[in-house]
Amino acid sequence: MLRKKVKELKEQRDKAKGEERVVRHTMQSLRAVWMKIGLEKVDTHKGIMVNALLDSGATGLFMDKRFVEKNGFRMERLKRPVKVTNVDGTHNNRGDIMHEVECNVYYKGHKERMRFDVCNLGRTEVILGMPWLVAHNPEIDWEKGEVKLTRCPPWCGKSSEESRKERCKERIRGLEEEKAIS
Ligand SMILES: [Zn+2]
């Protein structure tokens, strides 16, 4: 069961690395969770808060084209356009992905640099899909719609800081014990 789940996640991750993206809108779904995140432009360092949709059905990180243009994010042209497919495998007629946006993303003391594919998302501004979910493996309370980053990998900025603090605490504890013995 677990092995199957891991296999599925790996497949989704590999698919996300490929040339195609699946953009799914689960806006009406109860399984959609919204996260208030901060986006910071890498060139001007100006920031903006946005409600991002956490969607396990999306195989990438996406930013809406109109949102990008309205807020003046710098778009970089992709070497090769990325095809967008719908969940049923048909070609998404809203057009291929031609650009990406790089920016810093802030969420509850978490900061990371991400690249978003720019496409038309309708009323949604930002979608965090499977690659982000796999990377951070967040704790999600689907009922309350809460996202907690408690299981981040060692390379994640936040957790490395925490583990540093933890190591520091352990070191102090160790020193105190040594003192108690002598
Ligand atoms: Zn993390």
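View 1. Read along the sequence, the predicted chain follows the pattern α-β-β-β-β-α-β-β-β-β-α-β-β-α, and it holds four helices and 10 strands. Helices (H or I, at least four residues) and strands (E, at least two) are DSSP runs, numbered from the N terminus. Because this is a predicted model, local features need pLDDT of at least 70 and side-chain atom pairs count only at pLDDT 80 or more, while totals for chains, interfaces and linings use all residues. Residues are numbered from 1 along each chain as its sequence is written. Of the 182 residues of the chain, 23% count as buried; a residue is buried if 20 or more other C-beta atoms lie within 10 Å of its own, exposed if 12 or fewer, and partly exposed in between, with C-beta atoms placed from the backbone. Among contacts between residues at least 6 apart in sequence, 64% join residues at least 24 apart, where two residues are in contact if their C-beta atoms, placed from the backbone, lie within 7 Å.

**View 2. The largest nonpolar core.** A nonpolar core is a set of buried Ala, Val, Leu, Ile, Met, Phe, Trp, Tyr and Cys residues joined through C-beta atoms within 7 Å. The largest one here has 29 residues, and those with the most contacts inside it are Ala 52, Phe 62 and Ile 127. At least two residues of this core come from each of strand 2 (33-41), strand 3 (47-54), strand 4 (61-64), strand 6 (97-107), strand 7 (110-119), strand 8 (126-128) and helix 3 (130-136). If neighbours within four places in sequence are left aside, Ile 127 is in contact with Ala 52, Leu 53, Asp 55, Ala 58, Leu 61, Phe 62 and Leu 121.

**View 3. Strand 6 and its partners.** Two strands pair if DSSP finds at least two bridges between them. Strand 2 and strand 6 pair in the antiparallel sense over four bridges, and Leu 39 has Val 105 of strand 6 as its bridge partner.

**View 4. Gly 47 in strand 3.** Gly 47 is found in strand 3 and is partly exposed, because 13 other C-beta atoms lie within 10 Å. Apart from neighbours within four places in sequence, Gly 47 is in contact with Gly 38, Leu 39 and Glu 40. Gly 47 and Val 105 are 58 residues apart in sequence, and their C-alpha atoms are 9.4 Å apart in space.

**View 5. Two loop residues with positive phi.** His 45 lies in the loop between strand 2 and strand 3, and although it is not a glycine, His 45 has a positive phi of about 60°. His 45 is exposed, since 8 other C-beta atoms lie within 10 Å. Asn 137 has its place in the loop between helix 3 and strand 9 (139-141), and its phi is near 40°, a positive value in a residue other than glycine. With 15 other C-beta atoms within 10 Å, Asn 137 is partly exposed.
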